[in-house]
Amino acid sequence: MLRRELVEVREWLPLDKFDLAFALARVTPGTNLLAFCAAVGWLLRGIAGAVAGVMAVTVPSAAVAVFFIYFFEASQNNRIAMAAIGGTVAAVAGMMWSTIWTLLKPHVGGNIRNLQVLLIAGGAFVASWKFGVTPLPIIAAGTFLGWAWQDPGSGRKQAGKP
Amino acid sequence: MNFFLLYFLLLKASLTSFSGLGSLPMIRQDFVVTRQALTDHQLNTAVVAGRTGPGPYGLYLVCVGYLAGGIPGAVAGLLALVTPAFLVIPLMLWLGKRADHPRVRDAIRGLLLAAAGLLLSAAMPLTQDAITGVFSIAVILVSFALLTFTKIDSAWLMAGAAVAGLATLLFR
């Protein structure tokens with residue numbers, strides 16, 4: 001929707017700038033959508049544009065989220081509200097498993113890639129679940145292992161470039 | 001909880017994730033396990049509240065902040081959510097097209113795999129908390145299938161799960 005609006009309809013951004021913002025938002029920590037809004041805002045109006053872009057996406061929805069959490073907390077003794085919340089809590093558990101699936105799926109395929117998934121993702125799980133290692137060193141170790149142990153898929157893609 | 005400590009803890013989780021729920025393991029570690037500021041049930045409820053309305057996936061950080069520190073906590077959560085987004089500006093200035101470099105991509109891939117393993121570890125106790133009977137197991141399986149294999153908006157899924165939860169009252 002944003003691409004159509006910004007590149008095609010309003011012609012505020014050339015396609016290559018839009019694609020660069022999209023690619024870099026993918027490698028920016030945090031929520032990719034917010035990084036993308038910051039990048040597009042910055043390209044259009046500098047720092048003020050970046051702040052406006054991010055705040056426009058987050059502030060109204062944050063207010064709605066606070067209303068919901070207030071309502072949920074206030075409804076702890078209400079049987080009807082708790083039944084509805086119980087259903088949504090179960091749906092969130094399904095969402096978590098779906099996120100795990102979505103994170104892992106693109107990295108599966110080929111013996112070496114599968115071994116990387118098993119060792120890095122499996123190792124992170126065991127380190128956290130079994131040995132109680134905190135997330136930060138696990139994230140750091142995973143990043144280092146990924147950097148040091150090149151993905152054969154990305155090597156092929158690079159070699160195949162004209 | 002102190003505003004700045006809350007901001008720091010939420011920012012730390014936000015900075016070390018690349019997807020909406022990727023920050024969940026660190027949040028659980030800091031708020032549920034280490035500081036016991038929240039229970040697993042409250043953390044689950046925060047994720048629900050973050051997904052019930054419109055907006056980005058990471059919005060549940062605002063709800064975590066609210067539960068731990070009231071309205072100032074929600075503001076800390078909002079600031080922690082948006083702060084990492086501005087890192088894209090120096091990235092655009094200095095990194096440019098090097099973001100496509102194989103080494104950078106491999107490092108991010110390693111980070112994502114570690115995050116998936118951590119999310120698996122965090123999902124276990126949160127799923128245990130969500131399971132209250134056969135009905136909740138069915139909702140977990142259906143929501144997993146719908147989110148994984150269809151393009152359904154998660155807000156619709158939440159609405160459907162709430163209605164299904166209400167329907168269980170009829171059978172009690």
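In this predicted model, A:E11 turns up in the loop between α1 (2-9) and α2 of chain A. A:E11 is not a glycine, yet its phi is positive, at about 55 degrees. With 8 other C-beta atoms within 10 Å, A:E11 is exposed, since the cut-off for that label is 12 or fewer. Chain B has a residue of this kind too: B:Q36, again not a glycine, takes a positive phi of about 50 degrees. B:Q36 sits in the loop that links α2 (24-34) to α3 (40-52) of chain B. B:Q36 also counts as exposed, with 8 other C-beta atoms within 10 Å.

Now for chain B as a whole. Its secondary structure amounts to 8 helices and 0 strands, so reading from the N terminus simply gives α-α-α-α-α-α-α-α. Along the principal axes, the C-alpha atoms of chain B fill a box of roughly 60 × 40 × 25 Å. Of its 172 residues, 55% are counted as buried. Looking at contacts in chain B between residues at least 6 apart in sequence, 56% link residues at least 24 apart.

The crossing of α2(B) past α6(B) is left-handed. On the α2(B) side the contact uses B:L24, B:P25 and B:R28, which meet B:L118, B:L119, B:S121 and B:A122 of α6(B). Sorted by class, that contact has 5 nonpolar, 1 polar and 1 charged residues.

B:L118, in helix α6 of chain B, also reaches across to the other chain. Leaving out residues up to four places away in sequence, B:L118 touches A:A124, A:S128, A:P135 and A:I138, along with B:P25 from its own chain. B:L118 is buried, having 32 other C-beta atoms within 10 Å where 20 or more is enough. Elsewhere in chain B, B:G165 is 47 residues from B:L118 along the chain, and the C-alpha atoms of the two are separated by 29 Å.

On to the interface between the chains. Here 77 residues of chain A are in contact with 91 residues of chain B. Several helices of chain A each put at least two residues into the side that touches chain B: α2 (15-26), α3 (32-74), α4 (79-104), α5 (111-129), α6 (135-148) and α7 (152-159). The largest share comes from α4(A), with 23 residues. By class, the residues on this side of chain A split into 51 nonpolar, 25 polar and 1 charged.

Two helices of chain A pack on α6(B). For α4(A), the axes come within 9 Å and cross at roughly 160 degrees, which is over 145, so α4(A) and α6(B) are roughly antiparallel to each other. α4(A) passes α6(B) in a left-handed crossing. The α4(A) residues involved are A:V89, A:A90, A:V92, A:A93, A:M96, A:W97, A:T99, A:I100, A:L103 and A:L104, and their partners in α6(B) are B:L112, B:A115, B:A116, B:L119, B:L120, B:A123, B:L126, B:T127 and B:A130. This contact has 17 nonpolar and 2 polar residues, with no charged ones.

For α6(A) and α6(B), the axes come within 6 Å and cross at roughly 145 degrees, and this crossing is right-handed. From α6(A), the residues A:P135, A:I138, A:I139, A:A141, A:G142, A:T143, A:L145, A:G146 and A:W147 take part; they meet B:R103, B:D106, B:A107, B:I108, B:R109, B:G110, B:L111, B:L113, B:A114, B:A115 and B:L118 in α6(B). The class count for the α6(A)–α6(B) contact is 13 nonpolar, 4 polar and 3 charged residues.

Note on methods. Residues are numbered from 1 along each chain as its sequence is written. Chains are lettered from A and ligands numbered from 1 in the order in which they are written. This is a predicted model: local features need pLDDT of at least 70, side-chain atom pairs count only at pLDDT 80 or more; totals for chains, interfaces and linings use all residues. Two residues are in contact if their C-beta atoms, placed from the backbone, lie within 7 Å. Helices (H or I, at least four residues) and strands (E, at least two) are DSSP runs, numbered from the N terminus. Ala, Val, Leu, Ile, Met, Phe, Trp, Tyr, Cys and Pro count as nonpolar, Asp, Glu, Lys and Arg as charged, and the others, Gly among them, as polar. A crossing is left-handed if the near helix is turned anticlockwise from the far one by less than a right angle, and right-handed if clockwise. Axes are lines fitted to C-alpha atoms, for helices over the stretch in contact, and angles run from 0 to 180 degrees between N-to-C directions. Angles under 35 degrees count as roughly parallel, over 145 as roughly antiparallel, 65 to 115 as roughly perpendicular and the rest as oblique.
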